[in-house]
Amino acid sequence: MNNLKKLSKKLDINAIMFEDEVNRNRDLFRRIFNAWIKHPHLGMIQTFCIGCRSGVNKCIPTLSQDYDINYILDGANYYEGGSYKLKLFGIDDDDFSAFTGGWKKLHLQLAWKIFSEFLKNPYYMSPTVIFNGINDFSKGFGANVDKIRPFFYEKYDVAKIMDAIASELDWQQPSYFPDPWRSDCDVALIKNFICFKALGFSDYDFFLSNMIRDNAIDRNEAEEQLQKINDHFNNSTSKIKELLKSYKVDSESIQSLENLLMDKIAISNFKTRLPI
């Protein structure tokens, strides 16, 4: 939030904040996490992403219309693509395709898988989760606003980007994470921590692997960076618990997560239930 405020001041542009949406999203994450941990399924971790579902997919199209905004600048890049998130549901497709516009066969498959998991876990069955959660998640399948994605055309040079936004926009990377990519998203850190602990890899493995294949980073440099990230995850339990507490997640749920990820037998059983 501080980075966004500094950016708007430096560029002399308006920053529109939705305080009600922020509070609603934090409460919805808390409810979804408390339900998820009762019957954890790794594919359902994607339902944690309330901020993007609500903010990017719902609020931005509305703002574009209200303020007559014709162009949306999107910082995504094609190195972010992976394939394991859909496979956690037994769907053989590219993850990036899951949240592009329009209702396709893929979206119907994913919606059915998520609905099936909802039925298996009665703790999801609260009016707040059902109405807001499903409504927000479904926004990701709707038609997208036209976007300009510079890093689909311009080389994604991490050092160059970091130097520019730090020196020109006074952007500050959170001190508790060694990599700048999505390091300012608490939910992304929580999701990647759980995946790393349960599966032995995270989004960063795919991200850096894609960069290696495109000659955007040297293999040795990528391996060194990934080792730093993995070392961090291995020592992040206290930080993750702190983040979950900041969302007012139940202490029982936090302890259940810690117990789950420390139990080798439970993790082994976790993996054997996966359709991959």
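In the protein chain, 70% of the contacts with a separation of 6 or more join residues 24 or more positions apart; contact here means heavy atoms within 4.5 Å. This is a predicted model: local features need pLDDT of at least 70, side-chain atom pairs count only at pLDDT 80 or more, and totals for chains, interfaces and linings use all residues. Residues are numbered from 1 along each chain as its sequence is written, and side-chain values use heavy atoms, with hydrogens and water left out.

The chain contains 13 helices and two strands, taken as DSSP runs (H or I, at least four residues, for helices; E, at least two, for strands) and numbered from the N terminus. Of its 276 residues, 42% are buried, that is, under 20% relative accessible area, with exposed being over 50% and partly exposed in between (1.4 Å probe, protein chains only).

Trp112, Phe115, Leu119, Met125 and Ile130 make a nonpolar patch of about 510 Å². Patch residues have over 30% relative accessible area and no salt bridge, with nonpolar side chains joined within 5 Å and like charges within 9 Å; a salt bridge places a side-chain nitrogen of Lys or Arg within 4 Å of a carboxyl oxygen of Asp or Glu. Helix 5 (residues 105–120) supplies the largest share of this patch, three residues. Leu119, found in helix 5, counts as exposed because its relative accessibility is 53%.

A negative patch is formed by Asp218, Glu221, Glu223 and Glu224. Glu221 lies in helix 10 (residues 219–234) and, at 47% relative accessibility, counts as partly exposed.

Terms used. Accessible areas come from the Shrake-Rupley method with a 1.4 Å probe; for residues, only the protein chains shown count as cover. Lys and Arg count as positive and Asp and Glu as negative; His and the chain ends are not counted. The place of a charge is taken as NZ of Lys, CZ of Arg, CG of Asp or CD of Glu.
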